[in-house]
Amino acid sequence: MSDLSILGIPIANPVIVGSGLLTDQERNIRKLIETGAGAVVTKTIHPSPPAGLDERIIRLPVGMLNSTTYSKRSVSHWLGVLRSFADDALPVIASIHADTPAELAVLAAEVQATGCRGLELGISCLNEESGLPDDSADRVYSYASEVRARTSLPISVKLAIGEGLEDRVRAAIAGGADAVTLSDTISGAAVAPESGELELGGVYGYSGPGIKPLVLAAIWQLRRRRFTLPIMGVGGIASGRDVADYLQVGADVTQVYTALHTDMYATLDRIVTEAVAITAVPQEALA
């Protein structure tokens with residue numbers, strides 16, 4: 001495990017805490033690292049996050065729906081926090097997005113100046129007021145290439161599984177990405193039994209165990225088609241066995257998030273402990 005790294009950042013284990021509400025505060029990020037996270041991805045930093053949206057989460061029997069978007073904390077706040085992490089050599093990846101590729105490139109350059117060591121481009125959030133973005137290969141290339149032109153930092157592009165994934169991964173590579181993160185949330189809905197209306201008022205991001213088989217299949221297929229770039233596997237991880245499953249199909253590291261909404265630190269500690277124990281076993285013994 002000592003030689004493990006992602007985006008050029010040495011990490012102690014393959015369990016990274018993904019971007020979300022739980023990583024919107026400096027103290028949480030520091031404690032997650034102290035608890036054993038290999039690295040932590042910040043909540044997505046945005047120069048002009050949507051205002052006035054009803055942002056909530058709802059737990060389902062399997063997984064979670066959320067209508068959240070980006071951090072409401074200012075860019076200047078985050079730049080100070082990222083400098084503090086860099087000063088302490090903490091394994092933190094900055095998740096960033098903006099309304100245009102040019103704006104995102106400017107933000108990426110500002111983040112690099114803090115000493116932060118890696119970026120995740122959170123360009124596939126489907127919870128904005130306009131709904132699911134047109135996550136075409138052209139759009140992915142525009143964002144990735146603009147950022148690459150303004151920063152030398154290693155970049156992972158976070159993508160959602162689904163139609164055109166291979167083309168979008170190729171576009172990320174062509175745009176200069178060093179890795180991809182799979183998967184962002186996918187479209188989901190739940191019906192409120194009392195009213196018959198959709199919970200949260202519409203279709204929003206679904207995460208949790210229900211998407212794990214879909215993401216495993218997507219990663220396996222990418223590897224079968226000889227995509228060799230590093231992949232951070234995300235979706236439904238709640239145990240060390242889940243981590244091992246992702247590594248076996250070709251993910252280089254994993255990200256855990258939804259499971260941490262229950263007993264955050266204790267759950268992370270358990271997953272890391274299990275993952276380190278399982279992944280220390282020769283891979284042929286895991287089959």
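The side chains of Asp24 and Arg73 meet in a salt bridge, with an N to O distance of 3.5 Å. Asp24 belongs to the loop between E3 and H1 and Arg73 to the loop between strand E6 (64-66) and H2, so the pair ties together parts that are 49 residues apart in sequence. The model is a predicted one.

**Salt bridges**

- The count of salt bridges comes to 15.
- Asp24 counts as buried, at 13% relative accessibility, whereas Arg73 counts as partly exposed, at 31%.
- Arg148 and Asp178 also meet through their side chains in a salt bridge (2.8 Å, N to O).
- Because Arg148 lies in helix H4 (residues 137-150) and Asp178 in the loop between helix H5 (165-174) and strand E10 (179-182), this pair ties together parts that are 30 residues apart in sequence.
- Arg148 is partly exposed at 23% relative accessibility, and Asp178 is partly exposed at 35%.
- Within helix H5, Glu166 and Arg170 lie four residues apart, about one turn of the helix, and their side chains form a salt bridge of 3.4 Å, N to O.
- A network of salt bridges links Glu166, Asp167, Arg170 and Arg225.

**Helix H1**

- The buried residues of helix H1 (residues 26-35) are Asn28, Ile29, Leu32, Ile33 and Thr35.
- Seen down the axis of H1, these buried residues fall within an arc of 160 degrees, so they line one face of the helix.
- The exposed residues Arg27 and Glu34 are carried on the face turned away from the buried side of H1.
- The cover over the buried residues of H1 includes strand E3 (15-17), strand E4 (39-41), H2, strand E7 (92-96) and helix H8 (264-279).
- Gly36 follows H1 and has a positive phi, near 130 degrees.

**Nonpolar cores**

- The largest nonpolar core has 74 residues, and those with the most contacts inside it are Ile96, Leu104, Val111, Leu119, Val157, Leu182 and Leu268.
- Helix H2 (residues 75-87) gives the most to this core, with six residues.
- A second, separate core of eleven residues includes Ile11, Val41, Ile93 and Met232.
- Beyond its neighbors up to four places away in sequence, Leu119 touches residues including Leu7, Ile93, Ile96, Val111 and Ile155.

**Surface patch**

- Val191, Leu198 and Val203 make a nonpolar surface patch of about 240 Å².
- Val191 is placed in the loop between strand E11 (186-188) and strand E12 (204-207), and counts as exposed at 54% relative accessibility.

Definitions and conventions. Residues are numbered from 1 along each chain as its sequence is written. This is a predicted model: local features need pLDDT of at least 70, side-chain atom pairs count only at pLDDT 80 or more; totals for chains, interfaces and linings use all residues. Side-chain values use heavy atoms; hydrogens and water are left out. Patches are made of residues with over 30% relative accessible area and no salt bridge: like charges are joined within 9 Å, nonpolar side chains (Val, Leu, Ile, Met, Phe, Trp, Tyr) within 5 Å. Accessible areas come from the Shrake-Rupley method with a 1.4 Å probe; for residues, only the protein chains shown count as cover. A salt bridge is a side-chain nitrogen of Lys or Arg within 4 Å of a carboxyl oxygen of Asp or Glu. Helices (H or I, at least four residues) and strands (E, at least two) are DSSP runs, numbered from the N terminus. Buried means under 20% relative accessible area, exposed over 50%, partly exposed in between (1.4 Å probe, protein chains only). A nonpolar core is a set of buried Ala, Val, Leu, Ile, Met, Phe, Trp, Tyr and Cys residues joined through side-chain atoms within 4.5 Å. Contact means heavy atoms within 4.5 Å. The arc is that of the directions from the helix axis to the C-beta atoms.
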